[in-house]
Amino acid sequence: MALDEEQSLAAAGAHDAADCLRGCEALAGVDAEALRILGAGAVHFSLPAGAPLFDAGTAADGAYLVVNGSLGVRTPGDPAVRAKIEAAELVGELGWLLGESRGAQVIALRDSELLMFECRVLDEAAACSPSFSLAIARLCARRLAQGGRRQAAARARSFAIVPNGTDADAGSFATQLVTELTALGRAQLVWDVRASAQTSEWFNHIEASNDFVVYLADPQASGWTRQCCRQADVLLLVADAGGAPRPWPEVVAETVTRSRTPVELVLLHAGALRPGCAARWRAAAPPAFHHHVVDALDVGRVARLLTGRGVGLVLSGGGARGFAHLGVIRALREARVPIDHVGGASIGSIIAAGVAMGWSDEEMHDRYRRCFVDTNPVNDYTFPYVALTRGRKVSRLLRGEFGDTAIEDLRVPFFCASANLATGRTAPHRQGPLWRALRASVAIPGVMPPVFGDGEILVDGAAINNLPVDLMREHDPGFVIGSDAGLERALAAGNPAINIFQILMRAGMIGGAAGGAAQRALADVILKPALDDVDLLNWQAFERVVAAGYDRTRTALGSLPQLPRAAAARVARPAGASFLNEEIARRLGGRTAAGRH
């Protein structure tokens, strides 16, 4: 190559690097001479998805600017990606500034292009430009103050759909998912026909131009499938629920191992949900989460949960006071607030299970009134060797209402909490027979026998965690509502009407009440119905308690903080827009980090 041509190419490269530097927000205000020095000394290179840029403990050789693509930061001893570095962001500057080895590993989450600035180039820029030195110092200070977390490490935005064979109608699901995502922002579907020959710069442009991108991969381990997996924040393994589980393309396991990309399973059902399919498919490819899709309503829920814009509802224990949750649920449904994930403890777990089963307000009202008001569920008394009752009546009622349903087959994601006396910790239930998990969650110590098995001694979840918002946050849907029907005040001293059931129930809730403040702090909204005069065992107050929950929620819909006051006029219109939805949208839009990913 002639010398003139080499000089021309070098000048063009420096010009492009300078353009990239001017687009870096962290370098805003840096003088032109420093940018010229950095641009002239920049080395442009590509880094494939999954490849390390540098490892923890290695010597600092300079700093890097992401031109396009995405990098992930892992701290020593923790395989999870704790922060992301996106296009136009710098990384590695702290090692150069301090002259120390790297404190974390940085890997490519996407096929990425970067500019490298060696230490000598950075030294030269810093020597002639106080503005450059100050900009780097401020960037390091911000990142240290944030503990390494950045706003860019927020919600998942790109999703790769990997079908399990051609019998899974992944194309139809992908189209529906993009339609639902469009309601949340700009969304685009990308498939092989239009994208297989494109560069990483093209993919970066597509993702920068949209809020969400859905990549539809091939059923086999093709080059396109590999590209989709490299581009994804989340892998969606899509399967025909009624089919026999088959191995997924090896690229799925490779991507998870290399980039720690989260994996979620989507089971497509034809017309009706098929019981038992979730356990089979989960055994074939253990995902972090799974979804059932029967119709468009389910696709909407998947879209909200994937993007951290879902609504989770957590229901507390509280004996007969827990019927207030029925009123809360009815008011939320009337206001068209989606319930995308539901869970609870004690009586709250039983009512949450009705939501997950898809029961209507009327069906839940009738079922729970029949089980708790028309009959006393805890009057099968026995010699109190382990408990005052045998617990068989409760087991029979739960099996009668919920049958042999498995938790993992519930259409709405569900969990419940019991307390494990063997470990002294909360025991979450996310799979297995639903009735058994509920039986454990309501096993009031001393009133009902514990549920035994696998070295566990399970009793009422309220004994440790009466409002398990922390369990909801483990698979964070985005916005979490807590309905708290717990008894705040202690039993009145000297009350001659106190009986052993009241004493045991109240004693069984003390541990859960102790951590109540911390659990409430994890929720976005806490609904606390007015139930001060309702006893834990007052089953006959059913209708009054339901009404209290309904009234409290209706009031909250119009008076949540910072809601427009004009919204109150629309609360009375069930067919109108939900004001809680407006508050949810406002709060989610203002977060810097949300969602499960």
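Student: How much of the protein counts as buried?
Tutor: In this predicted model, 53% of the 597 residues of the protein count as buried.

Student: Can we look at one helix, say H17: how many of its residues are buried?
Tutor: Helix H17, which runs over residues 434-441, is mostly covered, since 7 of its 8 residues are buried.

Student: Which ones are they?
Tutor: The buried residues in H17 are Leu434, Trp435, Ala437, Leu438, Arg439, Ala440 and Ser441.

Student: Switching to Trp191, where is that?
Tutor: Trp191 sits in the loop that lies between strand E10, residues 187-190, and helix H7, residues 192-195.

Student: Why does Trp191 count as partly exposed?
Tutor: Trp191 has a relative accessibility of 36%, and because partly exposed covers values between the 20% limit for buried and the 50% limit for exposed, Trp191 falls into that class.

Student: What does Trp191 touch?
Tutor: If residues up to four places away in sequence are not counted, Trp191 touches Leu216 and Trp224. Trp191 and Trp224 are 33 residues apart in sequence, and their C-alpha atoms are 8.6 Å apart in space.

Student: Back to the whole protein, what share of contacts comes from residues 24 or more positions apart?
Tutor: Among the contacts with a separation of 6 or more, residues 24 or more positions apart account for 76%.

Notes
Residues numbered from 1 in each chain as written. Predicted model: local features only at pLDDT ≥ 70, side-chain atom pairs only at ≥ 80, totals over all residues. Heavy atoms only, no water. Buried < 20%, exposed > 50% of the residue type's maximum accessible area, 1.4 Å probe, protein only. Helix = DSSP H or I, 4+ residues; strand = E, 2+ residues; numbered from the N terminus. Contact = heavy atoms within 4.5 Å.
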